[in-house]
Amino acid sequence: MRRGIGVLGVAVRAEKSIFTAAVLSSALYGFMTVAAAWALGWATDHVVLPAFRNGDITTATLVAGTLLILGVSLLKALGVAGRRYFAGVMQYRMQARSRRDVTRQYLRLPLAWHHRHPTGQLLSNAGSDVEAAWAPLAPLPMAVGVVVMLVTAAVAMVITDPVLALVGFLVFPAIAVLNLVYQRRLNPLATRAQQLRAEVSEIAHESFDGALVVKTLGREDEETARFTAKAHELRDANIAVGRVRGLFDPVLEALPTLGVLAVLMIGAMRLESGAIGSGVLVQVAYLFTLLAFPIRALGWVLAELPRSVVGYERIRAVMDASGSMEHGTADLPGTDPVRLEVRDLAYAYGDGDFPVLREVNLEIEAGRTVALVGPTGSGKSTLAQTFVRLVDPASGAVLVDGTDLREVARGGVSGAVALVPQQTFLFDDTVRGNVALGLPVADEEVWAALRLAQAEGFVSALPAGLDTMVGERGTSLSGGQRQRIALARALVRRPRLLVLDDSTSSVDPQVEARILYGLRDAAQVSTVVVIAYRMATIALADEVVYLDHGRIADRGSHAELLERCEGYRNLVTAYERQGAEREALAAEHEEEVSA
């Protein structure tokens, strides 16, 4: 309860004016509901009973009773409309604010944090957790407002007849005990259900994201079974929550009804003894029936509190996550290629027991093209990520033109450095949109970048040119075409340091060579670091850096390393042999088809 009230307090402080308007509207509804009881009692004494006793009433009395009831009903309707409108505005504003905050936090957190959290869970945090956290806001203003009705009705009951009021008030201790039992039973069940929502989302995301693997390997039934099992767990968890709520709601409804019956029973005896009149009994009984609605309104809030607490705490776990990157105030001025320096760099994933990079020292002069080569798992991609500050080293530093990247102001690194990663991602947008990606550049600059990326030819042949939609993840394009679009996206920003993480692996070797030659001859020359496997590509670099087991084992020209570094020689010749074997098999297959 304490944590739930704390969550609600966050929303109230954030939307003071909207919450105040909603509560005032609800209070108006509460006042008018109690006024309706008084109007009903007045009409009973002055209209209904005289009509039975005398068989006649005056027109003025009838009109007065009618106008009184209509006026109270109109004000009551205005209160209902205002309460619902402002409560909805408050709820949707808080949901939108939380989603923005969570998304901004995702963008602030380093890549290492994202490695530890599945995408499905992150989607659940920004979706169902946000909805659960602020679900009580819809009934909250009504619950707070009808407290006015509760207090007013209670006072009116005491004033009208203290004995009947005392009988009715016996229901409140029972409600308090009921709520305590309910909260303790529901909270762990709601926590489990909310966690399972995230797990179901994770499995669904994996299945959709890996649709090609699932279909090509015939894993549809297994994936369906995996999703079904988790969905059934979520179903059972939701049913368990529903059972508890299903028991709570009827009992909560029944308690005020039992109170009404007790009031009527005691009231009938007091009416028979002459202690009270008929109008008083009608008024007190009606007032107590009104108490049932505030209790139900409070119950709606209380019923949502366990899920709200769970959802909010899952959101706070994201917002309180440590590891967000701090930024300095330095900038990286100029347009010339940069000088890159790595000093005693070390990095490890997870808890740091298995370092990926150790004691890396490297200097790359401005305007040079350097190839990073090494076996799988040697740390090439991780080192490339430190160059663009996707991750910060555990120790050591990466410097650009003598400035530690951790001292650069927010946005400064991306303004000077660009990375084209191994896995190419294109948005479901046009070619122009994927290249510019929000940058205000003219079509001439987009075409220039495509030309440098050797993509101008196939883009010109597309049905709508730059305006062609490429489909989700660029599914309408081949792997090599997607890689060239991604390269153009980096080049249009005129980076002073360009890092290519095996980003031309799906491109023909001849096209790849033209790309690298073009980068050297471009009007805007960059310092280029390329992670490469092909010998033809490596030979185009000014220098080769050979990584092995997270350390720089050797560096020099391609010819020098072939001669003196056995590990390098074995690696690159193995790649060449593998490529030659593939080409031979392809040629043999073509001959068989021709025959």
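**Salt bridges and a nonpolar patch**

Let's start with D101. It is partly exposed, at 29% relative accessibility. A quick reminder before we go on: this is a predicted model.

What does D101 pair with? Its side chain meets that of R104 in a salt bridge, 3.3 Å from N to O. R104 is partly exposed too, with a relative accessible area of 43%. Both residues sit in helix 3, residues 59-108. They are three residues apart, so about one helical turn separates them.

Why pair at all? Side chains of opposite charge can do so when their charged atoms come close.

Next, R339 and E365. Their side chains form a salt bridge at 3.4 Å, N to O. R339 is in the loop between helix 12 (278-319) and strand 1 (340-348). E365 is in the loop between strand 2 (355-364) and strand 3 (369-373). So this pair ties together parts that are 26 residues apart in sequence. R339 is partly exposed at 26%, and E365 is partly exposed at 41%. There is also a network here: salt bridges link R339, E341, R343, E363 and E365.

E543 lies in strand 9 and R555 in strand 10, so the bridge ties together parts twelve residues apart in sequence. Buried or exposed, what is E543? Buried, with a relative accessible area of 14%. R555 is partly exposed, at 26%.

The count for the model comes to 24 salt bridges.

Last, the surface. V147, V151, V155 and I159 form a nonpolar patch there, with about 350 Å² of accessible area together. I159 belongs to helix 7, residues 140-160. I159 is exposed, at 67%.

Technical notes. Residues are numbered from 1 along each chain as its sequence is written. This is a predicted model: local features need pLDDT of at least 70, side-chain atom pairs count only at pLDDT 80 or more; totals for chains, interfaces and linings use all residues. Side-chain values use heavy atoms; hydrogens and water are left out. Patches are made of residues with over 30% relative accessible area and no salt bridge: like charges are joined within 9 Å, nonpolar side chains (Val, Leu, Ile, Met, Phe, Trp, Tyr) within 5 Å. Accessible areas come from the Shrake-Rupley method with a 1.4 Å probe; for residues, only the protein chains shown count as cover. A salt bridge is a side-chain nitrogen of Lys or Arg within 4 Å of a carboxyl oxygen of Asp or Glu. Helices (H or I, at least four residues) and strands (E, at least two) are DSSP runs, numbered from the N terminus. Buried means under 20% relative accessible area, exposed over 50%, partly exposed in between (1.4 Å probe, protein chains only).
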